[in-house]
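Reader: I would like to go through this model feature by feature. Please give the general idea of each feature before the case at hand.

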Amino acid sequence: MGDNAILVDAGWLTQHRGDPRVVLIDTRAGADYWTGHLEGARHFDPFPFHYYDTTPRGIKEFNAQLEWILSALGIRGDETVVFYEDNAGMRAARGLWMLEYAGHRAVRILEGGLKAMSAAKLEKTAQPVTPTAFKLAPRGETIATVDYIVANLGRPETQIFDVRSPEEYFAENVRARRGGAIPGAVQLDWTHALDACGRFKSVAELREMFAHLGLDPSREVVTYCQGGYRAAHSYIALRLAGFTRVRNYLASWAEWGNREDLPIERPRRRG
C-alpha cells in the first residue's frame, strides 16, 4: 500500500482549522505569502536554503541550520505540520522531506495546495510565533550523501532516479561545471507525478509510471535533481506508490556535477 498519510485534502484541513495541534506552513515566496495566505499559516520559503556539500562537514552544517530553522518556526515535535503552496509542488515537498529527516513523525502536504482551498478566506497578517528549541533526531535512511552514492553506485540493490528535465539529463542545459548524469540513473521529469490540477496522480498511475521506468519497489531508490527540491517531490511520489526505501540526495547535481573526482555519464537521445 502507498503511504497516503502523507497527504491531507481540503476537507481534512477545514475540519482541523483552529486545532492548536495542527501547524500550517506556507512555503511560497514571501511576496505571495503576504498577498494572502491561509489563516494562521507560518511562512517558510525553502528556496533560499541551498546545500551543495554532503560530506560529513556539510551535513553537520545542514543539521545545525535545520535545527535553527525549525526552532524559529516554533516547531515542537508533537504537532501535525502541514506544508502547502499553490499546488502539490516541490516547495511543500522539500518542507515535508526536511522535517521527516529531522525526526518529526507527523508531517503532511496539502494535496492540490491553495488551488484546492479556493473557498477559504485568506489573510494578509501573520500571527507571532514563539520560538522553540527543536532538537534534531536525523533519520539517516531518508537522505543520500555523496559518500553513500559512491559506495552504492552500480549495486543492484540501489536504483538512482534522475528527476531533472530531459535537457539537464542529456547535458543540453548544463547547470554545473559538468553536464550529464550519475552513472546508471533512470530519468523522468518530476512533473509527471502531477495531474492537470496540480495534485499527485493516483497510486495506480504512479505505480504504472515507475514500473515502466523499471523501478522496483522491493529495492532502494535514490532521487536527485539539481538541488534536492524536485527530488524531494519524487521522494514523496515514490512513497505514495508503495516504495518503502527512498532517499533524497540533498545536494544532487549541484554537488555531483561540480566535483571532478566523481564519475558521470553523458546519455544521448535516441535517434
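Predicted model: local features only at pLDDT ≥ 70, side-chain atom pairs only at ≥ 80, totals over all residues.

Reader: In what order do the strands of the open sheet lie?

Author: Strands of a sheet pair through backbone hydrogen bonds, either parallel or antiparallel. Here 5 strands form an open sheet with parallel pairing, in the order β1-β6-β5-β2-β4. Strands (E, at least two residues) and helices (H or I, at least four) are DSSP runs numbered from the N terminus, and two strands pair if DSSP finds at least two bridges between them. The edge strands, β1 (7-8) and β4 (42-43), each pair on one side only. Between β2 and β4, which run parallel, there are 2 bridges; I25 has R42 of β4 as its bridge partner.

Reader: Which strands does α4 touch where it packs on the sheet?

Author: α4 touches β5 (80-84) and β6, and its direction makes about 175° with that of β6. Contact means heavy atoms within 4.5 Å. Axes are lines fitted to C-alpha atoms, for helices over the stretch in contact, and angles run from 0 to 180 degrees between N-to-C directions.

Reader: At what angle do α4 and α8 pack?

Author: Two packed helices are described by the angle between their axes and the distance between the axes. For α4 (residues 90-101) and α8 (residues 230-240), the angle is about 75° and the axes are 7 Å apart. The two helices are therefore roughly perpendicular to each other, a label that covers 65 to 115 degrees, with under 35 roughly parallel, over 145 roughly antiparallel and the rest oblique. From α4, the residues M90, A93, R94, L96, W97 and E100 meet R230, A232, H233, Y235, I236 and R239 of α8. This contact divides into 7 nonpolar, 1 polar and 4 charged residues. Ala, Val, Leu, Ile, Met, Phe, Trp, Tyr, Cys and Pro count as nonpolar, Asp, Glu, Lys and Arg as charged, and the others, Gly among them, as polar.

Reader: What is the volume of the largest pocket, and which residues are closest to its centre?

Author: Rolling a probe the size of a water molecule over the atoms shows where empty space is left. On a 1 Å grid over the protein atoms alone, a pocket is an open set of points with protein on both sides within 12 Å along at least five of seven lines, a cavity is a set where a 1.4 Å probe fits but cannot get out, and lining residues have an atom within 4 Å of a point. Grid points are joined across faces, edges and corners, and a volume is the space filled by probe spheres set on the points. The largest pocket has a volume of about 420 Å³. Of its 17 lining residues, D19, V22, E39, G40 and Q127 are the closest to its centre.

Reader: How many cavities of 30 Å³ or more does a search of the whole structure find?

Author: The search finds 2. The largest cavity holds about 50 Å³ of space, and α7 (203-213) and α8 each supply at least two residues of its lining. The second largest cavity is lined by F44, L66, L70, F83, G95, M98 and L99.

Methods
Residues numbered from 1 in each chain as written. Heavy atoms only, no water.
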